[in-house]
Amino acid sequence: MKFGVGQPFRRVEDQRFITGTGRYTDDIHHDGETHGFVVRSPVAHGLLNGVDAEAAREMPGVLAIYTGADLAADGIGTLPAVIVLDHVEGGRMPTPPYHPLAREKVTYLGQPVAFVVAETALQAQEAAEAVVLDIEDLPAVVDPVAAFAEGAPQLHPEAPGNLALHWAHGDVTATEAALAASHRVVEIEVVNNRIVVASMEPRNAIGLHDAETGDFTLVTGSQGSHMIRGWLFEQLFGEPATKLRVITPDVGGGFGMKAIPYPEQGLVLYAARKLGRPVRWQSSRTEAFLSDTQGRDNLSRARLGLDADNRFTALLVETMVPCGGALSAFGVYCPTLSGPPMAPGVYRIPIVATDVRVAFTNTAPMDAYRGAGRPEAAYLIERIVDKAARELGLAPEALRALNMIAPEDMPHRTGADVTYDSGDFAAAMRAGMEAADWAGFPARRAQADGLMRGIGLGYYIERTGVPGKEGAVVEISAGGAVTVHVGTQSTGQGHETTYVQMTAEALGIDVERITVKTGDTDQPLPSAGGTVASRSMVHGGGALRLANGDLIGKARAEAAKLLDAVPDEIAFEDGAFHVPGSNRHVGLLEVAAKAGGLTGVGDFEQMIGTFPNGAHICEVAVDPETGAIKVERYTVVDDFGRTLNPLVLAGQVHGGIAQGIGQAMLEHVVYDPDSGQLLSGSFMDYALPRAEDLPFFEVSTQNVPCTTNPLGIKGAGEAGAIGAPPAFVNAVIDALAPFGITELDMPLTPFRVWEAIEAAKAG
Ligand code: SMO
């Protein structure tokens, strides 16, 4: 079939997006709407002694100004900590209350303190500037080392020593012993730098309340309306989630940051109920820098043991990570449940352990960012394996190949107690090296143009589609229109296209007839989650497969009546039922018309993750005079199990590489260590990669079908951002090897590289 699964069918949603007819939250208006503006803490840490809004309340257009005290008086609760774990020593981690508006204390710069609602957005902003905050400054800590130091300022009384969580994965003591017994131990310290998500569309929310029924509606850019409803509402409002409908229209980028509930979503609902009018809020870019959750920011020390034959014996990782001034919903997920289980990467390592300490710090809350812990794990293992190869005088690909888990080992339970179902890592690495013309690199390096060249390999593996359920419903109307309902949410990935393709193939129906509906908790779905952890096609695709099958089953029963046959006898092919050996047949659309419409329902659950993996190969040229890096070639060979649409897939990988190289080369969130002020609060100071920073990417797949997913699919949304940082950094270290440089922390800005070169020359 022309537009079936596996075909590079062009994205159906792009017509809407490129002609300016996308419909984002900020495009949606309601009669009588009002505008909210958030008054944010101008300091990172302080005692909130008072909020004086008297003068501001008298300003033109102002309808209300709410403070933490108002919310307390109305019994508004807290934002949820979804992931709450036990300390390794025992006992539950502390969960200091995270109020939508601060009470008594502020613990991060930009924390919401008051909410102004006015007739226009400008009036709300002007009044917000007239709100006087009485805050008594306290000393701030912006990184875990400072937060854990003796005498450090204390953020929350519930968390002595600012310890949010001390957690371990694996047996740390036994791993220490295995390292001590190893022939050789290679050690590395890495900083996985703190980055913002910088979604093209900043966050937003519109709150509506029906005074008669008491029902709320929230329109908000999110990664899944059901997820937001499930997490946001009950703990804040003390009412069942069914009192809230969440609608998510088109979304311009989420990347983990929009998977979670935020204070402002609660504030617009609260204000809408108080005022009896719709209340809208739209984040500015400045607010996004201050108040979106941020990602990564790990300080890790790793030790890798090797035996006399260069086989890996043990891996121990010790990590310190901040969670910010308040605990975000998934604040401790990335450095615990997500990253550490992937610590061994694609290698046979008999024993693996990770020890993690999470600190409260006076910075924006931390949460998921594209990969959510797995990029940190992949970066660490791929850096230390490269460093080990260099110390041993081995080619990095040779040390990798020696230690890679082999296809005949599958399914393979790793030293970190995770079972990989499939993959041929050595073959994909070889394919990547071939595609990158690895063998031809020495000749390219020999060019006498004053630049220092390097080539780097990052072999990533990640776990996608964490245990979860997803539902799908397919309806064919009597008129022949096909509607697909799913609970996953595209934030730009192209779900409309891939779900349409799957349905067109399964039902044998033209793509033009099919519409995908998502983003509404009122959809008729048996279950719904949302889009995180590269799970949309893994889980949503699984559900849609079942829904299409269910619909065909029901249609078959109807067709049997029309064809005067028994259902089991008739075959379904190319959109029509026929009785084999006869010319009796009837089209699916005709069956639907005669039946007055047909509906198929699918409810899919997968408890085991999928394991996409692949080779990223990066080639760089470093100017030793300036430290500037040019990425000259970039090649990827991925194993995504099965490809639904190579065009959509390549787009996912391209975007991921850009984000990964962005992190590795340019991006860095910097807080002043003394004041906690944000020094990288705009695109003037926070550098996103631009087109000229990136080469064309050579992207291909060498797929090994996933054995635990009925579609054979492995999640692909995050992969690019996971493989790119180690490939890039390994390439730069390779280029700088003549200077004896073996470690450099991201981002590899010209200044940082130049400094390292100068230090190496001097030393
Ligand atoms: S970083 Mo994601 O939305 O699991």
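Residues are termed buried under 20% relative accessible area, exposed over 50%, and partly exposed in between, with a 1.4 Å probe and protein chains only. The structure is a predicted model, in which local features need pLDDT of at least 70, side-chain atom pairs count only at pLDDT 80 or more, and totals for chains, interfaces and linings use all residues. Residues are numbered from 1 along each chain as its sequence is written, and side-chain values use heavy atoms, with hydrogens and water left out.

**Stop 1: a pair within one helix**

Select helix H16 (residues 536–563) and display the side chains of Lys554 and Asp550. Helices (H or I, at least four residues) and strands (E, at least two) are DSSP runs, numbered from the N terminus. Lys554 and Asp550 form a salt bridge at 3.0 Å, N to O; the term denotes a side-chain nitrogen of Lys or Arg within 4 Å of a carboxyl oxygen of Asp or Glu. About one helical turn separates the two, because they are four residues apart in H16. Lys554 is partly exposed at 37% relative accessibility, and Asp550 is likewise partly exposed at 27%. The count of salt bridges by this rule is 45.

**Stop 2: a pair between loops**

Next, select Asp409 and Arg348, whose closest N and O atoms are 3.6 Å apart in a salt bridge. Asp409 sits in the loop between helix H12 (396–403) and strand E16 (412–413), and Arg348 in the loop between helix H10 (334–338) and strand E15 (351–360), so the bridge ties together parts 61 residues apart in sequence. Both ends are partly exposed: Asp409 has 28% relative accessibility and Arg348 has 30%.

**Stop 3**

Move to Glu287 and Arg40, a salt bridge with the closest N and O atoms 3.1 Å apart. This pair links distant parts of the chain, with Glu287 in helix H9 (residues 285–291) and Arg40 in strand E1 (residues 34–40), 247 residues apart. Are these two residues buried or exposed? Glu287 counts as buried at 6% relative accessibility, and Arg40 is buried at 12%.

**Stop 4**

On a 1 Å grid over the protein atoms alone, a pocket is an open set of points with protein on both sides within 12 Å along at least five of seven lines, whereas a cavity is a set where a 1.4 Å probe fits but cannot get out; lining residues have an atom within 4 Å of a point. Grid points are joined across faces, edges and corners, and a volume is the space filled by probe spheres set on the points.

Helix H1 (14–18) and strand E21 (514–517) each supply at least two lining residues, with E21 giving the most, three. The pocket lies between domain 1 (25–138 + 200–253 + 258–291) and domain 3 (466–606), because both give residues to its lining; the domain bounds come from an automatic or database domain assignment.

**Stop 4: the largest cavity**

Finally, select Val317, Thr319, Glu376, Ala377 and Leu380, which lie nearest the centre of the largest cavity among its 22 lining residues. Its volume is about 200 Å³. Helix H11 (374–392) is one of the elements that each supply at least two lining residues, and H11 provides the largest share, six.
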